[in-house]
Amino acid sequence: MAWPAAYGFTIRVLIADDEPDMRALVGDVLRRAEFDVVEAADAESALAEWRARRPDVVILDHLMPPVTGLHIAEQILGEDPTQLIFLFTAMDERDVREPAEQLGIALCVKKDRVFELPDLLRDYVNRA
């Protein structure tokens with residue numbers, strides 16, 4: 001049986017990344033794992049999509065000019081402190097972990113772990 005569809009629901013994920021290739025890769029990995037995916041290319045569209053769709057999980061690129069993923073997460077968590085957010089970064093995740101944890105971000109994930117995202121998402125959603 002495929003997960004999550006086998007359980008009668010699909011996890012909705014918003015991916016916000018300014019790099020089209022990375023956004024497409026993450027989207028493809030998650031769609032193949034049967035997640036419902038919405039994509040955003042910048043902070044403004046990420047916030048608009050989040051407000052319109054209220055996804056189960058938000059994956060934010062850390063460096064997405066003109067603001068950071070931390071800034072977007074702060075706005076989202078200010079409106080909904082229960083929102084599950086992953087910060088997706090090319091940097092060493094230790095550099096952003098402390099400020100991310102202080103905001104309430106669930107997990108910092110390096111971009112080279114893209115193929116682990118389906119399992120990471122399932123683990124966190126199952127805990128919620």
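**Entry 1: the sheet**

I began with Leu14 and found that its bridge partner in E2 is Val38. The two strands, E1 and E2, pair in the parallel sense over 5 bridges, and I count two strands as paired if DSSP finds at least two bridges between them. The model is predicted, so I noted that local features need pLDDT of at least 70 and side-chain atom pairs count only at pLDDT 80 or more, while totals for chains, interfaces and linings use all residues. Residues are numbered from 1 along each chain as its sequence is written, and side-chain values use heavy atoms, with hydrogens and water left out. The labels follow DSSP runs, helices (H or I) having at least four residues and strands (E) at least two, numbered from the N terminus.

Next I looked up the order of the strands, and I found an open sheet of 5 strands running E2-E1-E3-E6-E7 with parallel pairing. Its edges are strand E2 (36-40) and strand E7 (107-110), each of which pairs on one side only. On average, neighbouring strands of this sheet are turned by 20° against each other, direction ignored; for such angles, axes are lines fitted to C-alpha atoms, for helices over the stretch in contact, and angles run from 0 to 180 degrees between N-to-C directions.

I then followed strand E3 (residues 57-61), which pairs with strand E6 (residues 84-89) in the parallel sense over 5 bridges. Here Asp61 stands opposite Phe88 in E6. Helix H5 (residues 117-127) packs on the sheet, where it touches strand E1 (12-16), E3, E6 and E7, and its direction makes about 155° with that of E6; contact here means heavy atoms within 4.5 Å. Is E1 mostly covered or mostly open? I found that 4 of its 5 residues are buried, where buried means under 20% relative accessible area, exposed over 50%, and partly exposed in between, using a 1.4 Å probe and protein chains only.

**Entry 2: helices side by side**

I turned to helix H2 (residues 43-53) and helix H3 (residues 69-79), which pack at an angle of about 20° with their axes 10 Å apart. H2 is therefore roughly parallel to H3, since angles under 35 degrees count as roughly parallel, over 145 as roughly antiparallel, 65 to 115 as roughly perpendicular and the rest as oblique. Which residues make the contact? On the H2 side I listed Ala43, Leu47, Trp50 and Arg51, and on the H3 side Ile72, Gln75, Ile76 and Glu79. These residues divide into 5 nonpolar, 1 polar and 2 charged; Ala, Val, Leu, Ile, Met, Phe, Trp, Tyr, Cys and Pro count as nonpolar, Asp, Glu, Lys and Arg as charged, and the others, Gly among them, as polar.

H3 also packs with helix H4 (residues 94-103), at an angle of about 10° and with the axes 10 Å apart, which means that H3 is roughly parallel to H4. In this contact, Leu70, Ala73, Glu74 and Leu77 of H3 meet Pro99, Ala100 and Leu103 of H4. I recorded 6 nonpolar residues, no polar ones and 1 charged in the contact of H3 with H4.

**Entry 3: single residues**

In helix H2 I looked up Glu44, which is exposed, with a relative accessible area of 67%. Glu44 and Val67 are 23 residues apart in sequence, and their C-alpha atoms are 9.9 Å apart in space.

His62 has its place in the loop between E3 and E4, and with a relative accessible area of 6% it is buried. Leaving aside neighbours within four places in sequence, I found His62 in contact with a list of residues including Val67, Leu70, Phe88, Met91 and Val96.

**Entry 4: backbone angles**

Most residues other than glycine have a negative phi, and most peptide bonds are trans. With that in mind I noted Glu34, whose phi is near 70°, a positive value. Glu34 lies in the loop between helix H1 (20-32) and E2, and is partly exposed at a relative accessible area of 31%. Arg54 also has a positive phi, near 45°; its place is in the loop between H2 and E3, and its 37% relative accessibility counts as partly exposed.

Where is the cis peptide bond? I found it joining Pro65 and Pro66, with omega about 10°, and Pro66 is in the loop between strand E4 (63-64) and strand E5 (67-68).
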